[in-house]
Amino acid sequence: MKDAFGTPQSLLVLGGTSEIALATARRLIARRTRTVWLAGRPSPALESAAEELRALGADVRTAAFDALDPGSHETVLGKVFAEGDIDLVLLAFGVLGDQAHDERDPAAAVRVAQTNYTGAVSAGLLCAQALQAQGHGSLVVLSSVAAERARRANFIYGSSKAGLDAFAQGLGDALYGTGVHVMVVRPGFVRSRMTAGLPRAPLATTPEAVAAAVEAGLRRRAETVWVPGALRVVMSALRHAPRPLFRRLPV
Amino acid sequence: MPADTVSVTGWGRTAPTTARLVRPRTYQEAADAVRSCGARGGIPRGLGRAYGDAAQNAGGAVLDMTGLDRVHLIDAAGGTVLCDAGISLHRLMQVLLPLGWFVPVTPGTRYVTVGGAIGADIHGKNHHVSGSFSRHVLSMELLTADGGIRTVRPGTPLFDATAGGMGLTGVVLTATLRLLPVETSLMSVDTERATDLDDLMARLTATDHRYRYSVAWIDLLARGGSTGRSVLTRGDHAPLDALPDRARRDPLEFRPGRLPAAPSFVPEGLLGRTTVGLFNEAWYRRAPRARTGQLQSLTAFFHPLDGVPHWNRVYGRSGFVQYQFVVGYGQEDTLRRVVHRIARRGCPSFLAVLKRFGEGDPGWLSFPMPGWTLALDIPAGLPGLDLFLDELDEEVAAADGRVYLAKDSRLRPGLLGAMYPRLEQFRRLRGELDPDGVFTSDLSRRLGL
């Protein structure tokens, strides 16, 4: 159960090698979290992530989960929820893709869309059902500032996150009053493996900062969290910039 | 039987969860509700005054027992009452006062049920004299997990598990209570100020035994030399001859007034350091340095906050946390350290009270033990509050003290065993009585009760 401060005792991470997710898990384990499920494609990275969290004192298990195989989601997630209540589901999987390459290779672009959006729709709905049945819990969805307005430089990734973001907002409204809380997290440019080698954007942040914002958001039962918080203002301005201007902006 | 799926919280309005709210109107309906709880179990709920998640059950059933609220039998000569457990202490007072009887123990609100009073084994300002509520329970009928009804008497393991057992042994249906005779419905109150914590403790220790009721309001925002400055209010039921002539015509009159309810929306952070600091300053200054024999109404003395319905809304959307702990006599240093830490931290608390407890009570999970208890409320949105309270827990546990489960919404589960040494006994009995865990609450899930 979550305590008065929204701190969960059990955590399910979808996308178990995500740096943001692992930073969040570390932070929550330091508070109250004792049970952690890391769901992801079986890999040495997933196992070593589990090992790292175990060293912090949590009871960590892994589950084989592939966002690109929605047909298997029901079985995998069903097994996890059958083992006990999950107080917090962190939907953290996603790929950035390579915009320039993917524009020439539509199949690769579709994989980005399927991972970030379709996979999340399937997993998100299944988790929402399970959380609703247990009468409590939070679903935290890692979206992105890129979801707020698609940019020339990464509109394939951006549009997939836009779909995910809209889906998560709608799901949050659908679940309002059921005891299940959905929180959309929109980080800006996060310095991590996923963005290694990319030029740094303004208002860049870190996985640890996103983790702290998630914890604070849970406490407030927030519905939308921007990291850093200043992005809320920046993006609301950018969102309303006229197209001819927005196209020319170096963002 | 009516049933709705609703979002439920405790009085602190934190951590809402959804449950099927069932409202039994007969014992049979209550038994049916227990038998048909389903996989996620059920928990009885009274008037929802527990601050945390004790009367919540995510995804399961919550049995609202306030529909079963009849008085069955009053022995006006012997001073006992047999009533349904869903009745409030407010209603009991309305019925009993005209007959010259009063409830044996009342907490800071009249709006608790008898069942809740047993489940939390509540205490009042008279604990140092009268002990907890369950000490005045002569017998009760308990609806257990198998759907059967058992008569439970003091001195049996089931009684000791149920008193303070947070509703996890079953649903109390009826109880027979021993009452306190009173001549009037007024209180004769002595008020005095203490300039700091040591002064307060000295005054309480020296003269508490002279009073049936004793409590001290403490200003936890005062710092430096006046840390722990307080107002002591102690007294007893006023005898008939203490009343002025006019009041003697109807000495047992009980007509508590109510102010308008707190608004449903209150901006976050209304109760900050500044507002609460000003309130505390005024409250302290307003109190007389020393005054004896003042006549006060029952409400003014016991339940000042009951005058404002939904006062818990003043903390805004994030709600608030009540922190109440007890440390034994001889552990005064821990109490001092905790009070100084709270004062240094600047927790905006305007409802902080300090009290001395008497002998411990038989309930296995009963909170009171001989020693000092401090209760304070803090807005849940205060940054860093979670870590701060964890640190206080460590201090309390190290001094063999404990925190009060009826108020808890955030304790680290690992500390529970150290705080409640009879926890294993409780778990064993529950395992035998309710092997399938029919009685389950968010509290029991969170703390592994």
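This is a predicted model: local features need pLDDT of at least 70, side-chain atom pairs count only at pLDDT 80 or more; totals for chains, interfaces and linings use all residues.
Colleague: How are helix 5 of chain A and helix 6 of chain A oriented to each other?
Modeller: Helix 5 spans residues 106–134 of chain A, and helix 6 spans residues 155–174 of chain A. Their axes come within 8 Å and cross at roughly 15°. Angles under 35 degrees count as roughly parallel. The two helices of chain A, helix 5 and helix 6, are therefore roughly parallel.

Colleague: Is the crossing of helix 5 of chain A with helix 6 of chain A left-handed or right-handed?
Modeller: The helices in question are those whose axes cross at roughly 15°. Helix 5 of chain A passes helix 6 of chain A in a crossing that is right-handed.

Colleague: How many residues of the contact of helix 5 of chain A with helix 6 of chain A are nonpolar?
Modeller: Helix 5 of chain A contributes residues including A:Ala109, A:Val112 and A:Gly124. Helix 6 of chain A contributes, among them, A:Ile156, A:Lys161 and A:Phe167. Of the contact residues, four are polar, one is charged and the nonpolar ones number 13.

Colleague: Which residue of strand 6 of chain A stands opposite A:Val140?
Modeller: Strand 5 of chain A pairs with strand 4 (residues 88–91) of chain A in the parallel sense, over four bridges. There, A:Leu90 stands opposite A:Val140. Strand 5 of chain A also pairs in the parallel sense with strand 6 (residues 180–187) of chain A, over six bridges. In strand 6 of chain A, the residue opposite A:Val140 is A:Met183.

Colleague: How many residues of strand 16 of chain B are buried?
Modeller: Strand 16 of chain B covers residues 320–328 and is mostly covered. A residue is buried if 20 or more other C-beta atoms lie within 10 Å of its own. Of the nine residues in strand 16 of chain B, the buried ones number eight.

Colleague: What is the bridge partner of B:Gly328 in strand 18 of chain B?
Modeller: Strand 16 of chain B and strand 18 (residues 371–379) of chain B run antiparallel, joined by nine bridges. In strand 18 of chain B, the partner of B:Gly328 is B:Gly371.

Colleague: Which residue of strand 19 of chain B stands opposite B:Phe325?
Modeller: Strand 19 (residues 402–403) of chain B pairs with strand 16 of chain B over two bridges, in the antiparallel sense. Opposite B:Phe325 stands B:Val403.

Notes. Residues are numbered from 1 along each chain as its sequence is written. Chains are lettered from A and ligands numbered from 1 in the order in which they are written. Axes are lines fitted to C-alpha atoms, for helices over the stretch in contact, and angles run from 0 to 180 degrees between N-to-C directions. Angles under 35 degrees count as roughly parallel, over 145 as roughly antiparallel, 65 to 115 as roughly perpendicular and the rest as oblique. A crossing is left-handed if the near helix is turned anticlockwise from the far one by less than a right angle, and right-handed if clockwise. Two residues are in contact if their C-beta atoms, placed from the backbone, lie within 7 Å. Ala, Val, Leu, Ile, Met, Phe, Trp, Tyr, Cys and Pro count as nonpolar, Asp, Glu, Lys and Arg as charged, and the others, Gly among them, as polar. Two strands pair if DSSP finds at least two bridges between them. A residue is buried if 20 or more other C-beta atoms lie within 10 Å of its own, exposed if 12 or fewer, and partly exposed in between; C-beta atoms are placed from the backbone.
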